[in-house]
Amino acid sequence: MADAKSILLIEDHDVVRRYYADHLRLVFPGYFIFEATTGKTGLDLYEWQPINCVILDLSLPDMSGFQVLSQMVPHPSQPLVPVVILTSINSQSILEVAKQKGAFIALQKDLTPGDELARVIQKALVAIPGNGTKVAAAHPTFAASSEDSF
């Protein structure tokens, strides 16, 4: 999988995750689409897999999406991989904070159909062409949960 491209989708709601994951598989057929239902598993996948883009919900069952974001993007002005926030939180100030903390963009789920998310990911991959390699020391090790899907 060294040359393979991948997208990591961190979303705890099954129906929402399936909708976006299925859509991404259609639009990005050459990409692996990894799925995680918790921040912990998302961070574990991020650390151990070559990830080219992350889609991150801010409301996760085990930790805040902001905690996940700060570990994935320790230097907000220099992200190694684009992180797209996709949340149901309806607050422009929260979305702005996510961008200040290093997210490429922050979107509301109810305003973002699958096609729009795919367009944003394409832009993010061009703007921040992370090759899936990250500095391992920047990411603590987390164990995967058995209820999360890979």
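This is a predicted model: local features need pLDDT of at least 70, side-chain atom pairs count only at pLDDT 80 or more; totals for chains, interfaces and linings use all residues.

Residues are numbered from 1 along each chain as its sequence is written, and side-chain values use heavy atoms, with hydrogens and water left out.

Q: How many salt bridges does a search of the whole structure find?
A: Side chains of opposite charge can pair when their charged atoms come close. A salt bridge here is a side-chain nitrogen of Lys or Arg within 4 Å of a carboxyl oxygen of Asp or Glu. Searched over the whole structure, the count is 10.

Q: Which residue in helix α1 pairs with Glu-35 of strand β2?
A: Helices (H or I, at least four residues) and strands (E, at least two) are DSSP runs numbered from the N terminus. The salt bridge to Glu-35 has an N to O distance of 3.0 Å. It links distant parts of the chain, 18 residues apart, from β2 (residues 31-36) to α1 (residues 14-27). The partner is Arg-17.

Q: Is Arg-17 buried or exposed?
A: Buried means under 20% relative accessible area, exposed over 50%, and partly exposed in between, with a 1.4 Å probe and protein chains only. Arg-17 has a relative accessible area of 7%, so Arg-17 is buried.

Q: What is the N to O distance between Glu-116 and Arg-119?
A: Both residues lie in helix α5 (residues 114-127), 3 residues apart, or about one turn of the helix. Glu-116 is partly exposed at 29%, and Arg-119 is partly exposed at 44%. Their side chains meet in a salt bridge at 3.0 Å.

Q: Are α2 and α3 roughly parallel or roughly antiparallel?
A: Axes are lines fitted to C-alpha atoms, for helices over the stretch in contact, and angles run from 0 to 180 degrees between N-to-C directions. The axes of α2 (residues 39-48) and α3 (residues 65-72) come within 10 Å and cross at roughly 15°. Angles under 35 degrees count as roughly parallel, over 145 as roughly antiparallel, 65 to 115 as roughly perpendicular and the rest as oblique. The two helices are therefore roughly parallel.

Q: Which residues of α3 meet α2?
A: Contact means heavy atoms within 4.5 Å. On the α2 side are Gly-39, Gly-42, Leu-43 and Tyr-46. On the α3 side are Val-68, Gln-71 and Met-72.
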